[in-house]
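Trainee: I would like to learn how to read a few features of a structure. Can we take them one by one?

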Amino acid sequence: MPISPSSSAQAAREVVAQRLRDLGRTAGLTVTELAVRCEWHHAKTSRIENARTAPTATDIRKWCTACDAVDQAEGLIGQSLHAESMYTEWRTQVRTGLKALQGSEPRLFQDTELFRVYSSTLVPGLLQTEGYAAGVLGISARFRDVPVDDSAEAARARVERSRVIHEPGHRFVFVVEEDALRHRICGADEMAAQLGYLLTAGALPQVSLGIIPMSAPDRAQWPRETFHVYDDRLVSVELVSARVKITQPSEIALYLRAFEQLRGDAVYGAEARALIVRAIEALR
């Protein structure tokens, strides 16, 4: 995996690399001596030490054995797996299809009290109807060459997961760019149904739905990448190639600041509903 675009993910990898480097120094081993004991080229040792290459579980066990620190191997393996999970390429997540991906983190949804979602391009997943979700996931399946296109089943699973909106103990704040209401992700009938559902969902007491008009003057933020904030402990950012999980407090604070500024650019209530109605009328 190349160096992650998220400093949180890279920082986590560097912590593991530093611990491995310290083990080698404590054992009094040079890069070359450590490589000989691990039976690989010394360049690999250097790449691992500098967090350019993520070590496998086998690599870590060999490293700890070479440094006479076998008791530290399993802890380092767990730490390394956590670091790598912070940057996950979509191609590895969709190998078994798109349906499984919809329910991959059930505890995250159940444990989160406050969901904050900003979307610049699509209706947020938690607000998607089955027809719209099938359109989104169908595009994803074709783009990523998923072995089996299970986008229809995945759409049903996404709607099922979205029922968390109606469960007690959760609040939802959505900020959506008006552009997202206009992109023809699916057929006209499905788009109309999706936009109509936004009128209904936006009126729920546990839901705040803000829409940033295309003509909004003097914006505090330009349109950003889609991101989800789970309470104040995790930010999930969706890139073309991967999903990045951010847990570093300073980065989370930056995303929260951006979210609040984007929220300030949005309109709510009757003004938001008028933008949705206008988008429905544009379908005719």
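Trainee: Which residue forms a salt bridge with R61, and how far apart are the closest N and O atoms?

Mentor: Some ground rules come before that. This is a predicted model, where local features need pLDDT of at least 70, side-chain atom pairs count only at pLDDT 80 or more, and totals for chains, interfaces and linings use all residues. Residues are numbered from 1 along each chain as its sequence is written, and side-chain values use heavy atoms, with hydrogens and water left out.

Mentor: Now the general idea. Side chains of opposite charge can pair when their charged atoms come close. A salt bridge here is a side-chain nitrogen of Lys or Arg within 4 Å of a carboxyl oxygen of Asp or Glu. The partner of R61 is E74, with the closest N and O atoms 3.2 Å apart. R61 sits in helix α4 (residues 57–66) and E74 in helix α5 (residues 73–85), 13 residues apart. Helices (H or I, at least four residues) and strands (E, at least two) are DSSP runs, numbered from the N terminus.

Trainee: How many salt bridges does a search of the whole structure find?

Mentor: The search finds 11. One of them joins D232 to R116, with closest N and O atoms 2.4 Å apart. D232 is in the loop between β5 (227–230) and β6 (234–238) and R116 is in strand β2 (residues 114–119), so the pair ties together parts 116 residues apart in sequence.

Trainee: Is D232 buried or exposed?

Mentor: Read the relative accessible area: buried is under 20%, exposed over 50%, partly exposed in between (1.4 Å probe, protein chains only). D232 has 53%, so D232 is exposed. R116 has 11% and counts as buried.

Trainee: At what angle do helix α2 and helix α3 pack?

Mentor: Two packed helices are described by the angle between their axes and the distance between the axes. Axes are lines fitted to C-alpha atoms, for helices over the stretch in contact, and angles run from 0 to 180 degrees between N-to-C directions. Helix α2 (residues 31–38) and helix α3 (residues 42–49) pack at about 110°, with axes 8 Å apart. Therefore α2 and α3 are roughly perpendicular (65 to 115 degrees; under 35 is roughly parallel, over 145 roughly antiparallel, the rest oblique).

Trainee: Which residues make the contact?

Mentor: Contact means heavy atoms within 4.5 Å. From α2 come V31, T32, L34 and A35; from α3 come H42, T45, S46 and E49.
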